[in-house]
Amino acid sequence: MPGLAALATGAAGVRTGAGPRHHLGGDPVGRRQRLYMWLMLFPAFFYLVTAFGLILYEMVTISLLYGPPGAEAYPSLGNYAEMLASPEFWAALRRTTVFVVIGTPLQLLVGLGLALLVHREFRLRGMVRAIFMLPIAIPSVVTAVIISLLFSVPYGHVNDLLMGRFGWFPRLVSAPINWYASEPLALGLALLGKTWRDMPISMLILLAGLGSISEEQYEAARTMGATSWQQFKYITVPQLVPAMASVLVLRSIEAWKEFIFPYILAPSFPVLGTLIDHAYHVAKRPSYAAALALVLVVLIAVTTGVLNRILRFLETHLVKA
Amino acid sequence: MKRIRLGWALGLAVALFMILFPLYILFKYSIADRASIVTGGRYPEPLWPFAPTFEMYRYLVSRGDFWAAGVTSVRIALYTVALSLTLGAPAAYALARYRFAGYGVLIFTLLSLRLFPDIATVIPVVERFYKPPLNALPVEVQVALAHTLLSLPYVIFMSIGVFQGIPKDLEEQAAILGCSRLYTFTRILLPVAAPGLAAGAIYTFLLSWNEFIFAYYLTFTNPEGATLPVYLLRVMAWTPQKNLLAALAVVISVPVILFSFLVQKYMQAGLTAGAVK
Amino acid sequence: MSHVVLRGVGKRYPNSQRFAVRNINLELARGEFLTLVGPSGCGKSTTLRMIAGLEEITEGDLYIAGRRANDLPPKDRNIAMVFQSYALFPHMTVAANIVFGLKVKGVPPAERQRKLEWACELLDLKGLEHRRPAELSGGQRQRVALGRALVLEPEVLLLDEPLSNLDAKLRLRMRTELKNLHRKLGLTVIYVTHDQAEAMTLSDRIAVYDNGRIVQVGTPEEVYYDPVNRFVAGFIGAPPMNFFDGWLEGGAFVTGGVRVPLGHGLQPPREPAGAVTLGVRPEDLTPVYEETPGALPGRVAFIERLGSDDYLVVEVAGILAQARVPAGTRVESGRPVWLVPRPGRVYWFAGDEEGRRLR
Ligand SMILES: Nc1ncnc2c1ncn2[C@@H]1O[C@H](COP(=O)(O)OP(=O)(O)OP(=O)(O)O)[C@@H](O)[C@H]1O
Ligand SMILES: [Mg+2]
């Protein structure tokens, strides 16, 4: 799902010889237009705000139900107490955090690599860019299926390769690896799937950032004798900081939210998302699931706020230096 | 200079391989014969099937539940597109045209909705939809309503730029010529904005087509309402047969791959527009 | 009663503290061609848009054809407007654009077709009916926009810098065509431009704006030959009037340290005055090459050649003044020269900020 920042800067537009009176920021509103304006805004925002208001309300109220079905106590913090006392919760929180901490910078690096590859002019660039967009077009579930095919146990392409069955590759392991039995390997596969599928998003945001650096700056630097590396270091990177910051923020949100890849590829090692599903579908405890969900929402809101702060601080202090 | 070119070409090759190889493998499995997937460890699985076959595709096409899932997916996606555009286009227009107190709040609201993880929002949503009066809605409509929650902020964001690109003179001219505001919006603004709005529509379609969590939860007790991704997961749980899974995965992906080439055009146009600004 | 009347009209935009225009008083007779001119940002478009109903009127009254129109929506004012950007609907053909207003008003198709043919005939658009705006040249787009306005048979036609997107040559041609159309159809026209030449050639009357106010309304001759203040004198006419700041003292005009004895064409205002600005148009200055009373002494700087006329640029008391000379005149630069003002074409303005005309 392309990041909002990318969409905000990169939405398609039709231009029809814009008149001189055209103010991009919108016009101040006269009394007569106000009613009309709110009528236009109302349906969408009514829908979103009531829906999410209800969602939040239900999440809170459901999570405060505690006890056996039919005889729940309300309001009770029982679910939260149980959660905090449960080792599964802490294990899932740890895994999710690792997923975020490793996954976010990884996605930034991969996206940056792709963006730099297609940023320059070359024949077939449109084609290559379209190919780079493919992973995001494909449903996550399909990506997970591809990974499970490649990494199947005991006989799959990767195991065949590592066991030297292909002849042209050295035998590295003697027995097939069971990817799904090891926590780091299983979560690694989930991370691989996530990174593979979502790399076009980071790429698009960074490409927009690269596109906003004018060619003349590089030409000027070249006349002063800057090498390619120096151009990258002193021109590209500093001006790409805002784009990189939005990649970090948006991708970290998505990493916290991740469900499908760990659900399919690492079912034995639940992250918070998987734990919610487990509580709801397997343990049949909607109220406990709601409590977990609320905790996850709060976690995301808080960490995003903090990350935003840190990045803004770094941005102002790094870019000015 | 030479070294950089070489490094770049190498990087490009690696990137293309990383993206295309998994897709190729998926396709390969979908046409694999039995001997190519059941090896018993005596030989490695071949990179091209021994005897390529479209057997699995034929099998899928013969199954009623596959078709049902396909039809459900298309219907839900179309409902979602219709709903998102109907709600989103007017809102985007208002946000593009007017500056008012509360503008920032609305934009912030749109952005902050993305903080909610789908796996968290889905719990209260399902609980609501299981209870009256919403349980009376057809399950397809339920899923489309949920998908609209996800797509609407994006549709609004994408369309704001589209409406900003339309000169205000057009509306004023229409007003002078005697159009009501509604008439101006539907007969002048929407047709002019249509190519730009198409990007949002395609985006929404893809989102709904690919979406898993809401479709999965809302159709959990009702296998009839499964969309294709949910159907794929059901098949996965029911058989580990690689070629069948792969064939199904290919069938789900082909329409979106074709569609994404269309989106690509808009995204490129959008990116240059953003760069010029 | 006059056809269009503005009484004390003013506009303050909702997000702004100050009035964009204020105290606008105008009366147009039926069939009159009135031009609003002034520098950028002086409020011409704002006035026009209030008449069109695109902006609410903050204060004052507007009457169109005897009806108070302040609160009428644009469509009920019986006006038509042509925008600088033409504002053609890009998704409709020329024909659809032209008859759009009629369609919205529910005019039957046969009548629409008749009007369409009439407009295409009038504006030389035959054969282009099925093209889209993107497939037209600038001048053709301009004419489609005009046609769209004219088929409505408006009481008043409003034009906001309709020619400014055209190249110089086309602009001249459209200017003539507009003038002819106005004569032929007898329309009441309010025309906005910041090109004073356009204003001079097209208008029955001109309203000159300065900073949100009308400073003078009059026929082209009146604003040209009888400006009320220094601003109008400087704005109307190209090349602009020459101004010399100084003061009157003992039978002489002192400017930049030079004493010019009064006499001949250089007659002082009847009102008593101290600090003044002297204004003379380039065509009212004749260079002579010997000292003359009532003439401004200077040195030739260079000659600006415009083809039909040449302008002698002369340094007088530290400023560059222009005097019209016959084409092909040759003078070496640095030569002393005296500029003789034509009698009766000398303007005096108060030397203060306002620059009121002294008579
Ligand atoms: N929508 C608006 N909101 C606030 N102020 C405005 C708005 N439109 C115009 N103004 C202000 O009102 C004043 C007059 O503007 P107007 O557009 O009428 O000028 P104009 O004479 O038509 O200039 P130009 O020749 O450049 O078109 C200007 O100071 C302008 O900044
Ligand atoms: Mg204007």
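Ten residues of domain 1 of chain C are in contact (heavy atoms within 4.5 Å) with 13 residues of domain 2 of chain C. This is a predicted model, in which local features need pLDDT of at least 70, side-chain atom pairs count only at pLDDT 80 or more, and totals for chains, interfaces and linings use all residues. Residues are numbered from 1 along each chain as its sequence is written, chains are lettered from A and ligands numbered from 1 in the order in which they are written, and side-chain values use heavy atoms, with hydrogens and water left out. Between chain B and chain A, 115 residues of chain B are in contact with 104 residues of chain A.

**The two domains of chain C**

- Chain C is assigned domain 1 (2–234) and domain 2 (241–358); domain bounds come from an automatic or database domain assignment.
- Taken over C-alpha atoms, the centres of domain 1 and domain 2 of chain C are 38 Å apart.
- The two domains of chain C bury about 970 Å² between them, with 46% of that on carbon and sulfur atoms. Buried area is the accessible area (1.4 Å probe) that two parts lose on being put together, summed over both.
- Two salt bridges are counted between domain 1 and domain 2 of chain C. A salt bridge is a side-chain nitrogen of Lys or Arg within 4 Å of a carboxyl oxygen of Asp or Glu.
- C:Arg357 forms a salt bridge with C:Asp226, with 2.8 Å between the closest N and O atoms.
- Nine residue pairs, both residues at pLDDT 80 or more, are in polar contact between domain 1 and domain 2 of chain C. A polar contact is a pair of N or O atoms within 3.5 Å; within protein, one must be able to donate a hydrogen and the other to accept it, and residues adjacent in sequence count only if both atoms are side-chain atoms.
- On the side of domain 1 of chain C that touches domain 2 of chain C, the elements giving two or more residues are helix 7 (220–225) and helix 8 (230–235) of chain C. Helices (H or I, at least four residues) and strands (E, at least two) are DSSP runs, numbered from the N terminus.
- That side of domain 1 of chain C has six nonpolar, two polar and two charged residues. Here Ala, Val, Leu, Ile, Met, Phe, Trp, Tyr, Cys and Pro count as nonpolar, Asp, Glu, Lys and Arg as charged, and the others, Gly among them, as polar.

**The interface of chain B and chain A**

- The size of an interface is often given as the accessible area lost when the parts come together.
- Chain B and chain A bury about 10,200 Å² between them, 75% of it on carbon and sulfur atoms.
- One salt bridge is found across the interface of chain B and chain A: the side chains of A:Glu58 and B:Arg128 meet in a salt bridge at 2.8 Å, N to O.
- The count of residue pairs in polar contact between chain B and chain A is 14, with both residues at pLDDT 80 or more.
- Helix 12 (residues 242–276) of chain B gives the most to the side of chain B that touches chain A, namely 18 residues.
- The side of chain B that touches chain A is made up of 82 nonpolar, 18 polar and 15 charged residues.

**A:Glu58**

- A:Glu58 is part of helix 2 (residues 31–63) of chain A.
- A:Glu58 counts as buried because its relative accessibility is 6%. Buried means under 20% relative accessible area, exposed over 50%, and partly exposed in between (1.4 Å probe, protein chains only).
- Leaving out residues up to four places away in sequence, A:Glu58 touches A:Ser63, B:Pro124, B:Glu127, B:Arg128 and B:Lys131.

**Backbone features**

- Most residues other than glycine have a negative phi, and most peptide bonds are trans.
- B:Pro132 and B:Pro133 are joined by a cis peptide bond, with omega about 0 degrees. B:Pro133 is in the loop between helix 6 (118–130) and helix 7 (139–164) of chain B.
- C:Ala238 and C:Pro239 are joined by a cis peptide bond, with omega about -5 degrees. C:Pro239 is in the loop between helix 8 and strand 11 (242–249) of chain C.
- C:Asn23, a residue other than glycine, has a positive phi near 55 degrees. C:Asn23 is in strand 2 (residues 21–28) of chain C and, at 45% relative accessibility, counts as partly exposed.
- C:Ala65, which is not a glycine, has a positive phi of about 50 degrees. C:Ala65 is in the loop between strand 4 (59–64) and strand 5 (67–68) of chain C and is partly exposed, with a relative accessible area of 41%.
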